[in-house]
Amino acid sequence: METPGKEPDPRFTLANERTFLTWLSTSLALTAGGVAMAAVSPDVFVPWMRTLLAVVLVSLSALAAAMAYPRWRRVQHALRTSEPLPPPALAALFGYGVAAVAVLALVLILTAR
């Protein structure tokens with residue numbers, strides 16, 4: 001489906017595509033982190049906390065993957081119609097979500113020894 005407007009500079013279109021692919025790569029990394037967290041030995045972390053961290057990581061992964069294409073479409077539309085680019089609405093959620101998981105994992109690592 002073609003978006004109305006004029007064809008943008010190919011460099012911008014390709015940069016938008018790279019950003020889309022980066023969101024998908026981030027999603028895969030979050031999935032891998034969630035699976036790794038779930039696979040950690042029960043001796044290392046409290047089981048319910050390990051499960052919680054895994055669920056948060058995999059949930060962030062699903063959200064990143066699900067929002068990658070709609071974001072690509074919105075940016076592509078803005079490029080074609082010379083409108084301002086839309087703000088990255090979920091950036092704060094991903095940043096704070098990953099930071100919270102990292103801090104909780106750090107606390108668990110330090111208290112498990």
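Mentor: What follows sets each label against its definition.

Mentor: Ground rules come before the labels. This is a predicted model, where local features need pLDDT of at least 70, side-chain atom pairs count only at pLDDT 80 or more, and totals for chains, interfaces and linings use all residues. Residues are numbered from 1 along each chain as its sequence is written, and side-chain values use heavy atoms, with hydrogens and water left out.

Trainee: Why does Ala105 count as buried?

Mentor: Buried means under 20% relative accessible area, exposed over 50%, and partly exposed in between (1.4 Å probe, protein chains only). Ala105 has 12% relative accessibility, so it counts as buried.

Trainee: What does Ala105 touch?

Mentor: Contact means heavy atoms within 4.5 Å. Leaving out residues up to four places away in sequence, Ala105 touches Met37, Phe45 and Leu53. Leu53, with the sequence neighbours again left out, touches Met37, Val101, Leu104, Ala105 and Leu108.

Trainee: Where does Ala105 lie?

Mentor: In helix 3, residues 91–111. Helices (H or I, at least four residues) and strands (E, at least two) are DSSP runs, numbered from the N terminus.

Trainee: How do you know that the span of helix 3 agrees with its 21 residues?

Mentor: The expected span is 1.5 Å times one less than the number of residues. For helix 3 that gives 30 Å, and its end C-alpha atoms are 30 Å apart, so the two agree.

Trainee: Which residues of helix 3 are buried?

Mentor: Phe94, Gly97, Val101, Ala105 and Leu108. Seen down the helix axis, they fall within an arc of 70 degrees, so they line one face of helix 3. The arc is that of the directions from the axis to the C-beta atoms. The face turned away carries the exposed residues Tyr96, Val103, Leu110 and Thr111.

Trainee: What covers the buried residues of helix 3?

Mentor: The cover includes helix 1 (10–39) and helix 2 (47–80).

Trainee: What makes a set of residues a nonpolar core?

Mentor: Its members are buried Ala, Val, Leu, Ile, Met, Phe, Trp, Tyr and Cys residues joined through side-chain atoms within 4.5 Å. The largest such core has 13 residues, of which Met37, Leu53 and Leu108 touch the most other members. Helix 1, helix 2 and helix 3 each supply at least two residues of this core. Its largest share, six residues, comes from helix 2.

Trainee: Which residues does UniProt list for "transmembrane region"?

Mentor: The unreviewed entry lists 20–40, 52–69 and 89–110. In the model, residues 89–110 are 91% helix and 0% strand.

Notes. UniProt positions renumbered as here; feature names shortened; annotations may be inferred.
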